[in-house]
Amino acid sequence: MREYWNSFASLLGVLAFCQSLLLLIFPPQLRFLCLKFFNRIFHLFSSYCYFDITEIDGVNTNELYNAVQLYLSSFVSINGSRLSLTRALNSSAITFGLSNNDCIVDTFSGVTVLWEHVVIQRQSQTFSWRPLPEEKRGFTLRIKKKNKSLILDSYLDYIMERSNEIRRKNQDRLLYTNSRGGSLDSRGHPWESVPFKHPSTFDTLAMHPQKKQEIMDDLEDFANGQSFYQKTGRAWKRGYLLYGPPGTGKSSMIAAMANYLSYDIYDLELTEVHNNSELRKLLMKTSSKSIIVIEDIDCSVNLTNRKKNNKRNYCDPEVRCGSGSACGGEDGGNSITLSGLLNFTDGLWSCCGSERIFVFTTNHIEKLDPALLRSGRMDMHIYMSYCSYHALKILLKNYLGYEESDLDYHVLKELSDVVDKAEMTPADISEVLIKNRNYKQKAVTELLEAMKTRADRNFKCGSLRDKISDEEEQEKRALETPNEGSEFEEPCKEGENKEKMKS
Ligand SMILES: Nc1ncnc2c1ncn2[C@@H]1O[C@H](COP(=O)(O)OP(=O)(O)OP(=O)(O)O)[C@@H](O)[C@H]1O
Ligand SMILES: [Mg+2]
């Protein structure tokens, strides 16, 4: 052993001597060539090849560096003992990263690779238009030479894809609106955005669990269906029509969908769009992985055959543009038509931008143009009903923290007997529960009373309820469009559609 150490020490001594000889004798250029030569020899006999991915490529930021960093952060948090933590702008999530000069092993398609995060001090500040960081950062990827061609391209593509996904997941959702009526912002964007922080999820949504699961599965299939849509030659988009009385959770459902898939929402206000070409521009400026929403589609604009409608209403181009304005009539193309909208949902333009979901909501499905309801248009028609017993149980849990087992058997029985007859919306029930949320027993008693009263009333005068909900709805419309309500007649002509809906 001692002998071995002696010979090792003498070898080191010889190497050190050679190195100092090299430094002393050879001029710098020759020294560099010698080192390069030794490097070549070393790599020739090594079974590995190395790829450097530097943070800054010339003066530009190297996107691949950021992608690798984000990608490694997705599993480094589990393994590492010393990690760097970052939180990006507009993000509420913290990401982990490899500390300086740390290594991590990854496996892709059965091949093991090694990543090293290399950080070295920058020697001297060379001239640059922008100040460079003091440290040079980069990742070195080590792959066995025999696996290089096998995985390199697909591995890097995979990293880019995964990192985009992680970035999107970490970033706050955005809610976009076109409320500026077609004008563009300083960057030429027609949409304005605010962070989207709606707390509604499928857990908090009160509806039948089976129906809820069906919708979640459908969304999941859609989000993972890239190859399916490609294979079948269909545009990667899906349409949902949510219909039902006010306060049954249509908007809450949209928020839950966005939170479930981590998609942004584009809330398209059709009354702010002047014509089909403006609509096209707006829709072209939406990003993929987003939900495009048109609420109350029966009232936004008249999307039925306007020629038959002789009423003077908001949808009338004359009304919308003002008489004597430069706007043409419908035939002149200066108004939105149903075909203009459908062109985007399932026409030629539907393939522009992928992975997008369209959600239309309405309180009156019977008012919609049959063209909108034809099979293939909206992939799923979802009826948001009055509160059922299953939905009620979810609301009791949300607001009072009550499980089914926490309630007295007789109370439960009474609730289940009366809930369907009461025909109360989840919004009505929420109101009673919120008011008494600190007095749980009282909340249940009061809810039961309210339900019984409603059920009695429904029984005595069946049609009265319809009248009330119509009044409620008119009140809602009047609040939403205070100026138009008094001036114009109801915006949309009643459609003749009596098609049977899937629910
Ligand atoms: N199914 C539900 N699950 C949980 N909460 C609900 C549900 N439906 C309604 N709510 C509650 O009632 C409020 C109003 O619901 P929401 O705005 O989603 O109804 P909507 O169907 O969109 O009504 P509208 O037709 O008037 O737009 C929500 O803030 C939510 O708290
Ligand atoms: Mg709504």
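Q: Buried or exposed, which is Y229?
A: At 7% relative accessibility, Y229 counts as buried, a word used for residues under 20% relative accessible area, while exposed means over 50% and partly exposed lies in between, with a 1.4 Å probe and protein chains only. The model is a predicted one, in which local features need pLDDT of at least 70 and side-chain atom pairs count only at pLDDT 80 or more, whereas totals for chains, interfaces and linings use all residues. Residues are numbered from 1 along each chain as its sequence is written, chains are lettered from A and ligands numbered from 1 in the order in which they are written, and side-chain values use heavy atoms, with hydrogens and water left out.

Q: OK, and which residue forms an aromatic pair with Y229?
A: F222 does, and the pair is edge-to-face, with 5.8 Å centre to centre and 80° between the planes. Rings of Phe, Tyr and Trp (its six-membered ring) pair if their centres lie within 6.5 Å, and planes under 30 degrees apart count as stacked, over 60 as edge-to-face and the rest as tilted. F222 is buried too, with a relative accessible area of 1%.

Q: How many aromatic pairs are there in the whole structure?
A: The search finds 14 aromatic pairs. One of them is the tilted pair of W115 and Y155, with 6.2 Å centre to centre and 40° between the planes.

Q: Where in the chain are W115 and Y155?
A: W115 is in strand β7 (residues 111-121) and Y155 is in helix α4 (residues 148-170), so the pair links parts of the chain that are 40 residues apart. Helices (H or I, at least four residues) and strands (E, at least two) are DSSP runs, numbered from the N terminus.

Q: Switching to the open sheet, what's the order of its strands?
A: The order of the 7 strands is β10-β9-β12-β13-β14-β11-β15, with mixed pairing, where two strands pair if DSSP finds at least two bridges between them. The edge strands, β10 (192-195) and β15 (380-383), each pair on one side only.

Q: In which sense do β9 and β10 pair?
A: Strand β9 (residues 174-177) and β10 pair in the antiparallel sense over 4 bridges, and Y176 stands opposite S193 in β10.

Q: What about the largest nonpolar core, how many residues has it?
A: It has 28 residues, and those with the most contacts inside it include F202, I291 and I357. A nonpolar core is a set of buried Ala, Val, Leu, Ile, Met, Phe, Trp, Tyr and Cys residues joined through side-chain atoms within 4.5 Å. The largest share of this core, 7 residues, comes from α7.

Q: And which residues is I357 in contact with?
A: Leaving aside neighbours within four places in sequence, I357 has contacts (heavy atoms within 4.5 Å) with residues including L219, F222, Y240 and I291.
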